[in-house]
Amino acid sequence: MSPSASRSSLRHPRQLRAFRLLLVAGAAVLAAQVAGCGSGGAQGSGGTAAEIASIDARLRGTFRLVRFDPEMPLEPMLASMLEFQYAHLVIRFNGDRILADSPGLHVDRAYEIREPAWNRFKLISYDEAGVAYEAVCEFSGEKELIVYAQTPPWKGVATLRRAQ
(Lines give C-alpha, C1' and ligand atoms only; values in the text may rest on other atoms or scores of the structure.)
Protein backbone atom coordinates (compact mmCIF):
# COMPACT_ATOMS: atom_id res chain seq x y z
CA MET A 1 0.00 0.00 0.00
CA SER A 2 1.38 3.41 -0.86
CA PRO A 3 1.98 5.96 1.93
CA SER A 4 -0.67 8.30 0.50
CA ALA A 5 -3.25 5.50 0.33
CA SER A 6 -2.45 4.59 3.90
CA ARG A 7 -2.90 8.17 5.09
CA SER A 8 -6.17 8.42 3.19
CA SER A 9 -7.60 5.27 4.74
CA LEU A 10 -6.49 6.34 8.21
CA ARG A 11 -8.28 9.68 7.84
CA HIS A 12 -11.55 8.17 6.64
CA PRO A 13 -12.87 6.85 10.02
CA ARG A 14 -12.04 10.17 11.71
CA GLN A 15 -13.74 12.08 8.92
CA LEU A 16 -16.84 9.89 9.13
CA ARG A 17 -16.98 10.38 12.91
CA ALA A 18 -16.55 14.13 12.44
CA PHE A 19 -19.38 14.14 9.91
CA ARG A 20 -21.66 12.40 12.38
CA LEU A 21 -20.75 14.99 14.98
CA LEU A 22 -21.82 17.73 12.58
CA LEU A 23 -25.19 16.13 12.20
CA VAL A 24 -25.63 16.11 15.93
CA ALA A 25 -24.31 19.60 16.51
CA GLY A 26 -26.18 20.99 13.61
CA ALA A 27 -29.21 19.37 14.76
CA ALA A 28 -27.25 19.64 15.78
CA VAL A 29 -25.26 20.28 14.14
CA LEU A 30 -24.84 18.91 12.82
CA ALA A 31 -26.70 19.28 12.85
CA ALA A 32 -27.19 18.95 15.89
CA GLN A 33 -26.29 18.90 19.07
CA VAL A 34 -25.76 18.62 21.46
CA ALA A 35 -27.91 15.85 28.12
CA GLY A 36 -28.52 15.16 31.35
CA CYS A 37 -32.25 15.59 31.44
CA GLY A 38 -32.97 17.43 28.21
CA SER A 39 -35.14 20.48 28.54
CA GLY A 40 -35.71 19.67 32.18
CA GLY A 41 -32.25 21.01 33.00
CA ALA A 42 -33.48 24.48 33.92
CA GLN A 43 -31.64 24.78 37.21
CA GLY A 44 -28.30 26.49 36.71
CA SER A 45 -28.78 26.66 32.95
CA GLY A 46 -29.14 30.40 32.55
CA GLY A 47 -32.90 30.46 32.14
CA THR A 48 -36.08 29.87 34.07
CA ALA A 49 -37.97 26.62 33.75
CA ALA A 50 -40.77 28.49 31.94
CA GLU A 51 -38.36 30.04 29.40
CA ILE A 52 -36.74 26.68 28.71
CA ALA A 53 -40.16 25.00 28.39
CA SER A 54 -41.19 27.66 25.85
CA ILE A 55 -38.09 27.05 23.71
CA ASP A 56 -38.56 23.29 24.09
CA ALA A 57 -42.14 23.51 22.82
CA ARG A 58 -41.00 25.46 19.76
CA LEU A 59 -38.07 23.11 19.12
CA ARG A 60 -39.92 19.81 19.36
CA GLY A 61 -40.64 18.21 16.03
CA THR A 62 -38.98 17.17 12.81
CA PHE A 63 -36.53 19.19 10.73
CA ARG A 64 -34.45 18.65 7.60
CA LEU A 65 -30.92 19.90 7.03
CA VAL A 66 -31.04 22.37 4.14
CA ARG A 67 -27.66 24.08 4.38
CA PHE A 68 -24.34 24.02 6.18
CA ASP A 69 -21.66 26.67 5.80
CA PRO A 70 -18.48 25.39 7.47
CA GLU A 71 -16.07 27.80 9.12
CA MET A 72 -13.24 26.01 7.26
CA PRO A 73 -13.71 24.48 3.77
CA LEU A 74 -14.48 20.76 3.79
CA GLU A 75 -12.40 18.19 1.97
CA PRO A 76 -14.13 17.05 -1.27
CA MET A 77 -15.24 13.69 0.17
CA LEU A 78 -16.85 15.32 3.20
CA ALA A 79 -18.43 18.01 1.05
CA SER A 80 -20.08 15.37 -1.15
CA MET A 81 -21.28 13.44 1.93
CA LEU A 82 -22.79 16.66 3.23
CA GLU A 83 -24.54 17.36 -0.10
CA PHE A 84 -26.18 13.92 0.11
CA GLN A 85 -27.52 14.73 3.57
CA TYR A 86 -29.44 17.80 2.35
CA ALA A 87 -31.99 15.59 0.62
CA HIS A 88 -32.06 12.78 3.18
CA LEU A 89 -31.27 13.82 6.74
CA VAL A 90 -34.28 14.00 9.09
CA ILE A 91 -33.68 15.43 12.57
CA ARG A 92 -36.18 15.07 15.41
CA PHE A 93 -36.13 16.88 18.75
CA ASN A 94 -38.33 15.14 21.32
CA GLY A 95 -37.65 17.06 24.52
CA ASP A 96 -34.55 15.24 25.70
CA ARG A 97 -33.12 13.43 22.65
CA ILE A 98 -31.96 14.45 19.18
CA LEU A 99 -32.63 11.71 16.64
CA ALA A 100 -30.99 12.15 13.24
CA ASP A 101 -31.61 9.63 10.47
CA SER A 102 -30.67 9.20 6.84
CA PRO A 103 -29.62 6.18 4.77
CA GLY A 104 -26.64 4.64 6.55
CA LEU A 105 -26.74 7.03 9.51
CA HIS A 106 -28.57 6.98 12.83
CA VAL A 107 -27.67 9.33 15.67
CA ASP A 108 -29.42 9.38 19.04
CA ARG A 109 -28.05 11.92 21.52
CA ALA A 110 -29.16 13.60 24.72
CA TYR A 111 -29.45 17.37 24.70
CA GLU A 112 -30.35 20.26 26.92
CA ILE A 113 -31.46 23.83 26.36
CA ARG A 114 -29.64 26.65 28.13
CA GLU A 115 -29.66 30.45 28.13
CA PRO A 116 -33.01 31.00 26.39
CA ALA A 117 -33.57 34.54 25.11
CA TRP A 118 -36.73 34.84 23.00
CA ASN A 119 -35.67 33.32 19.63
CA ARG A 120 -32.14 32.31 20.69
CA PHE A 121 -30.82 29.62 22.99
CA LYS A 122 -27.80 27.44 23.58
CA LEU A 123 -28.14 23.74 22.77
CA ILE A 124 -25.72 21.32 24.39
CA SER A 125 -25.68 17.77 23.01
CA TYR A 126 -23.68 14.86 24.39
CA ASP A 127 -22.07 11.98 22.54
CA GLU A 128 -21.88 8.42 23.88
CA ALA A 129 -18.76 9.26 25.89
CA GLY A 130 -20.44 12.27 27.51
CA VAL A 131 -18.45 14.82 25.50
CA ALA A 132 -20.45 18.04 25.16
CA TYR A 133 -20.99 19.83 21.83
CA GLU A 134 -22.27 23.39 21.93
CA ALA A 135 -24.35 25.32 19.46
CA VAL A 136 -26.16 28.62 19.62
CA CYS A 137 -29.52 28.28 17.91
CA GLU A 138 -31.95 30.87 16.62
CA PHE A 139 -35.47 30.45 15.32
CA SER A 140 -35.90 32.25 11.99
CA GLY A 141 -39.57 32.68 11.19
CA GLU A 142 -41.95 29.80 11.78
CA LYS A 143 -40.08 27.10 9.89
CA GLU A 144 -36.32 27.56 10.19
CA LEU A 145 -33.76 26.99 12.88
CA ILE A 146 -30.29 28.46 12.38
CA VAL A 147 -27.59 26.55 14.25
CA TYR A 148 -24.20 28.14 14.95
CA ALA A 149 -22.09 25.08 15.74
CA GLN A 150 -19.35 26.08 18.18
CA THR A 151 -17.40 22.85 18.71
CA PRO A 152 -14.67 21.63 16.36
CA PRO A 153 -14.32 19.88 14.03
CA TRP A 154 -17.65 20.99 12.56
CA LYS A 155 -17.75 24.68 13.39
CA GLY A 156 -20.07 26.52 11.07
CA VAL A 157 -23.67 27.54 10.44
CA ALA A 158 -26.42 25.06 9.63
CA THR A 159 -29.97 25.80 8.52
CA LEU A 160 -32.69 23.36 9.47
CA ARG A 161 -36.21 23.63 8.07
CA ARG A 162 -39.23 22.22 9.84
CA ALA A 163 -40.62 19.22 7.94
CA GLN A 164 -44.22 19.40 6.77
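# Exercises on a barrel and its salt bridges

Helix α2 (residues 49-59) lies across β2, β3 (90-93), β5 (105-117), β6 (120-126), β7, β8 and β9, and its direction makes an angle of about 140° with β5. Keep in mind as you work that this is a predicted model.

## Exercise 1: The overall plan

Find out how many helices and strands the protein chain has, and in what order they come.

*Solution.* 
- Step 1: Count the elements. The chain has three helices and nine strands.
- Step 2: The order is α-β-α-β-α-β-β-β-β-β-β-β.
- Step 3: Turn to the residues. The chain has 164 of them, and 45% count as buried.

## Exercise 2: The barrel

Work out which strands form the closed barrel and how β2 is joined to β9.

*Solution.* 
- Step 1: Follow the pairing. Eight strands make the closed barrel, in the order β2-β3-β4-β5-β6-β7-β8-β9, and they pair antiparallel.
- Step 2: Check the angle between neighbours. On average, neighbouring strands of this sheet are turned by 35° against each other, direction ignored.
- Step 3: Look at β2 and β9. Strand β2 (residues 61-70) and strand β9 (residues 156-162) run antiparallel and are joined by seven bridges.
- Step 4: Pick out one residue. R67 stands opposite T159 in β9.
- Step 5: Helix α3 (residues 76-88) lies across β2, β3, β4 (97-102) and β5, at about 155° to β2.

## Exercise 3: Pairs of opposite charge

How many salt bridges does a search of the whole structure find?

*Solution.* 
- Step 1: Recall the idea. Side chains of opposite charge can pair when their charged atoms come close.
- Step 2: Take the total. The search of the whole structure finds eleven salt bridges.
- Step 3: Start with R60 and D56. Their side chains meet in a salt bridge, 2.8 Å from N to O. R60 counts as partly exposed because its relative accessibility is 41%, whereas D56 has a relative accessible area of 7% and is therefore buried. The cut-off for buried is under 20%.
- Step 4: Go on to R67 and D69. This salt bridge is also given as 2.8 Å, N to O. R67 is partly exposed, with a relative accessible area of 46%, and D69 counts as partly exposed at 33% relative accessibility.
- Step 5: Finish with R97 and D108. Their side chains form a salt bridge of 2.7 Å, N to O. The pair links distant parts of the chain, with R97 in strand β4 and D108 in strand β5, eleven residues apart. R97 has a relative accessible area of 30%, so it is partly exposed; D108 counts as partly exposed at 34% relative accessibility.
- Step 6: Look for a network. Salt bridges link E115, K122 and E134.

## Exercise 4: A residue in a loop

Is E142 buried or exposed? Locate this residue and compare its separation from R58 in sequence and in space.

*Solution.* 
- Step 1: Find the loop. E142 is in the loop between β7 (132-140) and β8 (144-149).
- Step 2: The cut-off for exposed is over 50%. E142 has a relative accessibility of 75%, so it counts as exposed.
- Step 3: E142 and R58 are 84 residues apart in sequence, and their C-alpha atoms are 9.1 Å apart in space.

Technical notes
Residues are numbered from 1 along each chain as its sequence is written. This is a predicted model: local features need pLDDT of at least 70, side-chain atom pairs count only at pLDDT 80 or more; totals for chains, interfaces and linings use all residues. Side-chain values use heavy atoms; hydrogens and water are left out. Helices (H or I, at least four residues) and strands (E, at least two) are DSSP runs, numbered from the N terminus. Buried means under 20% relative accessible area, exposed over 50%, partly exposed in between (1.4 Å probe, protein chains only). Two strands pair if DSSP finds at least two bridges between them. Axes are lines fitted to C-alpha atoms, for helices over the stretch in contact, and angles run from 0 to 180 degrees between N-to-C directions. Contact means heavy atoms within 4.5 Å. A salt bridge is a side-chain nitrogen of Lys or Arg within 4 Å of a carboxyl oxygen of Asp or Glu.
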